[in-house]
Amino acid sequence: MANKDTKGRASQFPEHGPIAENGKEVLLSIQDIDITFGNGDNTVKAVQDASFDIYKGETFSLVGESGSGKTTIGRAVIRVNPLSKGRILYKGVPISGKISKALDREVIRNIQMVFQDPAASLNERATVDYSISEGLYNFHLYENEADRVRKVEHMINEVGLLPEHLTRYPHEFSGGQRQRIGIARAMVMEPELVVADEPISALDVSIRAQVLNLMKKFQKEKGVTYLFIAHDLSIVRFISDRIGVIYKGHIVEVADAEELFDFPLHPYTHSLISAIPIPDPQLEKNKILYTYDPSIHDYETDKPEFVCIGHDHWVYGNKKEIEEYKAIREKGEPLKSIKIRKPGEEHLSNNIENIVDTKAEEEFLATPIHDTGSMWYTVLSFFLPIVGLILGFIFRKKNHIRNYKKCIKGAVAGLIVIGVLIAILLIGLILVVI
């Protein structure tokens, strides 16, 4: 049980979190959360009804395209982004909203974040030694100065750097080295959960493997749990225990890594997997890309829900779609998300593309070059409405639709003004005669 303060709020986390139906300990639970930005008409709902659990000791990856809400959820976990609905529980204790100061310190102590941009996340005016030691200072996680130095030097060695690097500043390091410093700064706190926000996207391919191996090493040795935020499914597949797919703020699918790749039931998941690059240039050239079209869903009457279809596989859809997903999954035949065009089909595809290009070209050529819709036609027609009407009639005959509209607009406005002036003049004459 969690300890509580005088106001009845939790002040400390229990030793273990609740146990799920599958027998695993739930370390973090995201429950129907909404995250919005702005007020009134400028309100933007970045995350909607997002729900998933992260089990202790696993790597849970959250994937989706840029702007889908991945980082927004990650920042909500470390209490940077407030929730407008729902709640986040750590070891069964709510950590979203107002919590006690003691529990807030526990959150900072137990949940650390590795940021996407290692250069922006480090203080350029502080030495590496201070950056790594900052958490130790704030929480006094050392017995004396010798103990602090020992912990920092041990951690800098663990991430593959040298103790002499501690006296240097961030700008003196490469991107991969800075990311190692960021990992050292997080891991020296001995956290239970690390939110890794695309920690390798800014790194070279050769450095990515080193950083991923380093993170897996810490997980194996210290039992660290990761919320790994990424958009590259080819990497996520091999480091994740489970994967959650997010599209425009909605969690659309959650499953074990291999389960998700064998049975990508939601069309958006299918499109993400089909976009994974193939190392063979010829196969990549002939690969058929699947493009996700959200208009295929009809959610006007049959509202969607996030439902478990068995095999610990969760999918977002309405009742009709869920039944279809269940039927596909029960067949047990892995789906082919990546399809390669056969040699005979290549010409057919090219012909279709040529037809599309030809139609687009015809539409472009059908529009006259001089049909610019210039504002000067409106001005001319305003002062000379009769001339404007004649010009508009000529433009209409020649299919200059933009010019025609400008002339008619100006001519109508001019005639209205002339009509108003004539009416005023007549009223004035009548008044004079009377």
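Is the crossing of α3 and α5 right-handed or left-handed? In this predicted model, the crossing of these two helices, α3 and α5, is right-handed. Here is a quick tour, starting with the protein as a whole and then coming back to that helix pair.

**Overall build**
- Taken along the principal axes, the box filled by the C-alpha atoms comes to roughly 105 × 70 × 50 Å.
- You will find 15 helices and 14 strands in the secondary structure.

**Burial and contacts**
- Buried residues make up 42% of the 434 in the protein.
- If you take contacts between residues at least 6 apart in sequence, 65% of them join residues at least 24 apart.

**How α3 and α5 pack**
- Helix α3 covers residues 128-139 and helix α5 covers residues 175-187.
- Their axes lie 7 Å apart, and the two helices pack at an angle of about 30°.
- Angles under 35 degrees count as roughly parallel, which is why α3 is described as roughly parallel to α5.

**Who meets whom**
- On the α3 side, the residues to look for are V128, S131 and I132.
- Their partners in α5 are I181, A184 and R185.

Methods
Residues are numbered from 1 along each chain as its sequence is written. This is a predicted model: local features need pLDDT of at least 70, side-chain atom pairs count only at pLDDT 80 or more; totals for chains, interfaces and linings use all residues. Side-chain values use heavy atoms; hydrogens and water are left out. Axes are lines fitted to C-alpha atoms, for helices over the stretch in contact, and angles run from 0 to 180 degrees between N-to-C directions. Helices (H or I, at least four residues) and strands (E, at least two) are DSSP runs, numbered from the N terminus. Angles under 35 degrees count as roughly parallel, over 145 as roughly antiparallel, 65 to 115 as roughly perpendicular and the rest as oblique. A crossing is left-handed if the near helix is turned anticlockwise from the far one by less than a right angle, and right-handed if clockwise. Contact means heavy atoms within 4.5 Å. Buried means under 20% relative accessible area, exposed over 50%, partly exposed in between (1.4 Å probe, protein chains only).
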